[in-house]
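Student: I would like to learn how to read helix packing and sheet layout from a set of coordinates. Could we work through one case together?

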Amino acid sequence: MEYRGRASFPLPRRPLESPSGSRFAGSGVRSSARNFVLERLFKAPSTSVLKVVMDDKSEEVLQDFRIPDYILVPGSKVKTASHIPSCPVIAFINTKSGGQLGGELLITYCSLLSKNQVFDLGKNSPDKVLHQLYATLEVLKSTGDVLAGEVQKKLRIIVAGGDGTAGWLLGVISDLKLPKPPPVATVPLGTGNNLPFSFGWGKKNPGTDRQSVLSFLNQVKIAKEMKMDSWHMIMRMKTPKQGACDPIAPLELPHSLHAFHRVSVTDKLNMEGCHTFRGGFWNYFSMGMDAQVSYAFHSDRKSHPEKFKNQLVNQTTYLKLASTQGWFCPSLRHPSSRNMAQLTKVKIMRKHGKWEDLNIPHSIRSIVCLNLPSFSGGLNPWGNPNQRKSAYRDLTPPYVDDGLLEIVGFRNAWHGLVLLSSKGHGTRLAQTNRVRFEFHKGAADHTFMRMDGEPWKQPLPVDDDTVVVEISPSSQVTMLATPLCQSKSIHDPSSPTVCRDNYDSSSEEECGEDWEERRKFGAADTFKIPDGVEISHLS
């Protein structure tokens, strides 16, 4: 039976032949041939059509992150924007971090965003970039540019690198003294990645493909803001009567700690006859066993950078160094003069602005002053003390914005490995808003210190002089946190209630010292990378 004209029901179909085959015979074959052609027309391009649709969707999403070039490039012609971005971003990438990942990430970000809003930290100084950006925004706002006002209000910063790189950027932002500093999201490209892990961005190096970066941008868009304390550190030592003028070689210093000749001579924190060093940190300051291992690691990495391009290899090297240095059996390999109780006298300030002596057990070989719940690659030295013990010892839950440091001690490397268990923790020594370490002449002529992942070898007194290290609150910066955030805020309604009657804010009014001078640390004074320091030395 043959059907002619348009049929309102399916046409009979026969097995299809290749178009290049023999001659088709009969109208049924003609119908089959027509179906064959239709299927080829509509089925073959389906993948490419879907890709176009997805690309269009991606472009639409990316408009929320892009900033027009006339805002980013001074002197550009002002254009009327058709779309106001809901989450404008500026990305800073340390291309030396993460082996080759930093360079690959730079390429991907440039392909997704405007190349003028992505900066290679090896070529662009972040303080100059942000200073120019905010100056341009202010000029445009004064002319009534609505988009400039929205960008300034909604701007978010992305920094890709290790903890040292992130600390550098946070210092730059602090130094700008903006009424509303932009919040910061951190991409984990280092070895420890304590800052990214603390705020939910993970501790493993990320993917660098288009989809991974787009997913990260979407997380930045919905991330919540969280305040984080920053801490000021000052170190004084007597000028040596003989020998070199500078007690620590400039390249030995971490980028966040500046030597006396970099501090203003009018600074009231200077003292006649003393070298003054000052700096700041966000995550931790430590000394002793852990800092010595870190110092050996960094020294080796500077000498042989080609061996340290893999995160897993780096972490394994850390463990090997701890073993070879004897920290798994320190009582056999290291003299008791290396114990913290023998090296330093510790004082803390808790009540009414008065210093109290802190008793350090003789077995402690490492002390960590902790601000975030992440140390040495995601470990939490403070742990989670139960409420009964906390109340008995006058401790509060640890928060990143409560103006308190948690001070923890470790006996050896085995003690550190205890942190791998869910209830593991170091020796909880104290919580305080200010701490002072005083080093006097002893059996050891040096120790090792570390600040936010950057270690150095610290000379100790050889006569009757004293080396003083003092840590106090500085200010706060704003971080971006994901739902996986490990840090807790005192302002979070879900956080336990904290009683802080024992801590007197009047302690900030210190014995004639200028508190505003104490708060001034940032890119211009402290976090600006000194000339001659290779950016690859940052974590």
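Student: In which kind of crossing, left-handed or right-handed, does α5 pass α6?

Tutor: Bear in mind that this is a predicted model. Here α5 passes α6 in a left-handed crossing.

Student: Which angle and which axis distance describe the packing of α5 and α6?

Tutor: Two packed helices are described by the angle between their axes and by the distance between those axes. In this case helix α5, residues 126–142, packs with helix α6, residues 146–154, at an angle of about 140 degrees, and their axes lie 8 Å apart. That angle makes α5 oblique to α6, because only angles over 145 degrees would count as roughly antiparallel.

Student: Which residues in α5 and α6 meet?

Tutor: From α5 come Tyr-134, Leu-137, Glu-138, Leu-140 and Lys-141, which meet Ala-148, Gly-149, Val-151 and Gln-152 in α6. The residues of this contact divide into five nonpolar, two polar and two charged.

Student: Turning to the sheet, what is the order of its six strands?

Tutor: The sheet is open, with antiparallel pairing and the order β13-β12-β11-β8-β15-β16. Its edge strands, β13 (427–432) and β16 (454–459), each pair on one side only, and neighbouring strands are turned by 20 degrees against each other on average, direction ignored.

Student: How many bridges join β11 to β12, and which helix packs on the sheet?

Tutor: Five bridges join β11, residues 366–370, to the antiparallel β12, residues 405–410, and Ser-366 stands opposite Phe-410 in β12. Helix α10 (residues 289–303) packs on the sheet, touching β8, β11, β12, β15 and β16, and its direction makes about 95 degrees with that of β8.

Methods. Residues numbered from 1 in each chain as written. Predicted model: local features only at pLDDT ≥ 70, side-chain atom pairs only at ≥ 80, totals over all residues. Heavy atoms only, no water. Axes fitted to C-alpha atoms, helices over the stretch in contact; angles between N-to-C directions. Helix = DSSP H or I, 4+ residues; strand = E, 2+ residues; numbered from the N terminus. Parallel < 35°, antiparallel > 145°, perpendicular 65-115°, else oblique. Left-handed = near helix turned anticlockwise from the far one by under 90°. Contact = heavy atoms within 4.5 Å. Nonpolar A, V, L, I, M, F, W, Y, C, P; charged D, E, K, R; others polar. Pairing = 2+ DSSP bridges.
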